[in-house]
Amino acid sequence: VQLQASGGGLVQPGGSLRLSCVASGSIGSIGEMEWYRQAPGTQRELVALITDGGSTTYADSVRGRFTISRDEMRTTLYLQMNTLKPEDTAVYYCRARVGRGWYWGQGTLVTVSS
C-alpha cells in the first residue's frame with residue numbers, strides 16, 4: 001500500500017488549498033482515512049478523519065474551515081482548507097487503514113504566510 005500526498009504550498013493568510021492523498025497497491029479493504037499535521041517542534045496531531053461509514057470528525061482548531069472527503073472508490077482522500085491561518089503552517093500527512101494495518105503517506109508542506 002502506498003499513499004502519495006500532494007497539494008501543499010505557500011499561501012497567504014485567508015487563502016485556500018486543497019490537499020490530495022492517492023492510495024495505490026492492495027487497497028481493496030481500505031477503511032478509515034485521516035489527515036494529520038506536524039508543525040516544527042510539536043507533536044503530530046490529528047486534523048480530520050473520515051470513517052468507513054463516511055462520518056467525519058475535525059480538530060477544534062480547524063472545524064468550520066477544513067473539509068475532509070474522498071472519492072467513491074476510496075482511492076483519493078482530500079482536505080479542502082479555507083480561511084488558512086499562519087498557525088496552520090505544518091507538514092500534512094495522510095493515513096489510512098487497510099485491512100488490519102495502518103499506512104502513512106509522505107508529508108506535504110503547507111506554509112501560510114504573507
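Tutor: A disulfide is counted here when two cysteine sulfur atoms lie within 2.5 Å of each other. The model is a predicted one, and by that rule it holds one disulfide. The bond joins Cys21 to Cys94, with an S to S distance of 2.1 Å. The angle about the S-S bond is 65°, and the link between Cys21 and Cys94 is right-handed. Cys21 belongs to strand β3 and Cys94 to strand β9, residues 90-98, so the pair ties together parts that lie 73 residues apart in sequence. In general terms, such a link is a covalent bond between the sulfur atoms of two cysteines.

β3 covers residues 17-24 and is joined to β8, residues 76-81, by six bridges. These two strands run antiparallel. Ser20 stands opposite Tyr78, a residue of β8.

The sheet that contains β3 comes next. It is an open sheet of four strands in the order β1-β3-β8-β7, with antiparallel pairing. β1 (2-6) and β7 (66-70) stand at the edges with a single partner strand each, so one side of each has no neighbour in the sheet. On average, neighbouring strands of this sheet are turned by 15° against each other, direction ignored.

The whole chain gives the wider setting. Its secondary structure comprises 11 strands and zero helices, so the order of elements from the N terminus reads β-β-β-β-β-β-β-β-β-β-β. The radius of gyration is 13 Å, close to the 13 Å that the globule rule gives for 114 residues, so the chain is as compact as a globular protein of that length. Along the principal axes, the C-alpha trace spans about 40 × 25 × 20 Å.

Among contacts with a separation of 6 or more, 51% come from residues 24 or more positions apart. The chain exposes about 5900 Å², and carbon and sulfur atoms supply 47% of that area.

Conventions:
Residues numbered from 1 in each chain as written. Predicted model: local features only at pLDDT ≥ 70, side-chain atom pairs only at ≥ 80, totals over all residues. Heavy atoms only, no water. Pairing = 2+ DSSP bridges. Axes fitted to C-alpha atoms, helices over the stretch in contact; angles between N-to-C directions. Rg over C-alpha atoms; globule rule 2.2 N^0.38 Å. Contact = heavy atoms within 4.5 Å. Areas by Shrake-Rupley, 256 points an atom, 1.4 Å probe, with all protein chains shown as cover.
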